[in-house]
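Thanks for coming, everyone. Please bring the structure up on your screens, and I'll walk you through a few places worth a look.

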Amino acid sequence: MPNYKVMDLFSGAGGLSYGFELAGCDIQLAIEKDAWAVDTYKINHINQNIVEADITELSDDYFLPYKGKIDIVMGGPPCQGFSIAASNRRKTDDIRNILYKHFLRIVSVIAPKIVLIENVKEIVGYKLPDGTKIVKDIENFFMEKGYVFDYKVLNCRNYGIPQDRKRFFFLAVSKECEVERLVLDTLMERFVVPEITFNDAVSDLPVVKARQFAEGTVLSYDKEPSNIYQYNLRKKCKLLYNHIPMRHTDKTVQKFEFLLAKNGEYLPDELKSRVRSHTDIVSNAAYSQNHRIIDADKVSPTITASFYSSFIHPSQPRNITVREAARIQTFPDSFVFMGKKTTLSKKLLAKKGILEELHLDQFNQVGNAVPPLMAQHLAEVCISLLMEGKDR
């Protein structure tokens, strides 16, 4: 099989890159501006050709040496500008809303055979200030360049990923491959496999408690894998990284114990949160996305960039760990996440003057990533298209 050459833009920790590597592709260049994500990428990938840079500051000349030499350009331009997760704070002039244009600019310079774009599912309804839908703008670009294209919102739970994760995937193929849109439509939905539950994914990991281990402690396994999914993600690993829980207070642990015992029943006042700066006043604020108990016998809810306080482990009184989330995202246990486990919000970091921590923490890196197994499926689709084009 040919060794197809790939460029990964907005790579993050490299979920897309890792999946394409598993499929036999050669990542010629990855670009990511976050230092901690770059550190993670460097220690986990076969090809360490990653550049720490802001794509908006890289000129067309930077990419000219790759013109005609890259088979696939892929990436997920940051999606916060069009995600509904913070719709009340969305701004039409958010710079993240135009990062996709820089992605297309680079595609125009390189002229790859295939382009793959990943994003949040909400992008299909997002409009530019002039009323044009972003997806239509992307379609117009590829139409002008002579590509055949299609897009789908695919749920990763149907592709062997233990997570209810719907994502937008846009696939464009150059005219030289002679592919019809109907073929793309069929290929993008060809993988449907039995669902993997939360327990299927993580039940072999050691039981851990809040404040039991110092940050950065490397653990050992105390159980054998119980299914093929666990076996595949463990392989020959002897050490377990990134499996240290949050440092919950005693009160938080008690709250989680109550919720687990009462199956999510409302908390008594003594375990409820207090109004900030008024510890004697009970807060009645409801945060529907926080501290939801995961159902062990179902696929996990969506792992987001800020998931660290979103979910309670189904049988242990704590939030899930980075490693458990990585398992749900199909990262192998050999994939180690760098940087701090969590950081303060950007606003607080700026206020405290701790700008050296203004990076993507481990939870962010996991939640932002394309699940490597999903990426491998998509890589196989791209490879089949390239090989069919070569055979014509």
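Start with Thr321. Is this residue buried or exposed? Thr321 is buried, and its relative accessible area is 0%. Where does Thr321 lie? Look in the loop between strand E13, residues 311-312, and helix H10, residues 322-328. And what does Thr321 touch? Leaving out residues up to four places away in sequence, the list is Val208, Asn242, His243, Ile244, Pro245, Phe307 and Phe363.

One caution before I go on. This is a predicted model.

Now zoom out. The protein has 392 residues, and 50% of them are buried. Its secondary structure comes to 13 helices and 13 strands. Next, take the contacts between residues at least 6 apart in sequence. Of those, 67% join residues at least 24 apart.

On to helix H1, residues 15-22. Seven of its eight residues are buried, so H1 is largely enclosed by the rest of the structure. Which ones are buried? They are Gly15, Leu16, Ser17, Tyr18, Gly19, Phe20 and Glu21. Now step just past the end of H1. There you find Gly24, with a positive phi of about 100°.

Helix H2 comes next, residues 35-44. H2 is mostly covered too, with seven of its 10 residues buried. Those are Ala35, Trp36, Ala37, Val38, Thr40, Tyr41 and Asn44. What do the buried residues of H2 pack against? Their partners are H1, strand E2 (26-32), strand E3 (50-52) and helix H12 (362-368).

Let's turn to a pair of helices. H4 covers residues 99-110, and H5 covers residues 134-144. Their axes come within 11 Å and cross at roughly 10°. Angles under 35 degrees count as roughly parallel. H4 is therefore roughly parallel to H5. Who meets whom? On the H4 side you have Tyr100, Lys101, Leu104, Val107 and Ser108. On the H5 side you have Ile134, Asp137, Ile138, Phe141 and Phe142. Sorted by class, this contact of H4 with H5 has seven nonpolar residues, one polar and two charged.

Keep your eye on Phe141 and Phe142. Both belong to an aromatic cluster.

Take Phe331 and Phe337. Their ring centres are 5.2 Å apart and their planes are at 85°, so this pair is edge-to-face. Phe337 also pairs with Phe335. Here the rings are tilted, at 5.1 Å centre to centre, with 45° between the planes.

Phe335 is buried, at 1% relative accessibility. Phe337 is buried as well, at 2%.

Last stop: a charge over a ring. Find Arg234 and Tyr221. The charged end of Arg234 sits over the ring of Tyr221, 3.8 Å from the ring's centre.

So, to recap the tour. Thr321 is buried in its loop. H1 is largely enclosed, and H2 is mostly covered. H4 and H5 run roughly parallel. Phe337 pairs with Phe331 edge-to-face, and with Phe335 in a tilted arrangement. Over to you for questions.

Definitions and conventions:
Residues numbered from 1 in each chain as written. Predicted model: local features only at pLDDT ≥ 70, side-chain atom pairs only at ≥ 80, totals over all residues. Heavy atoms only, no water. Axes fitted to C-alpha atoms, helices over the stretch in contact; angles between N-to-C directions. Helix = DSSP H or I, 4+ residues; strand = E, 2+ residues; numbered from the N terminus. Parallel < 35°, antiparallel > 145°, perpendicular 65-115°, else oblique. Contact = heavy atoms within 4.5 Å. Nonpolar A, V, L, I, M, F, W, Y, C, P; charged D, E, K, R; others polar. Phe/Tyr/Trp six-rings, centres within 6.5 Å; stacked < 30°, edge-to-face > 60°. Buried < 20%, exposed > 50% of the residue type's maximum accessible area, 1.4 Å probe, protein only. Lys NZ or Arg CZ within 6 Å of the ring centre and 35° of its normal.
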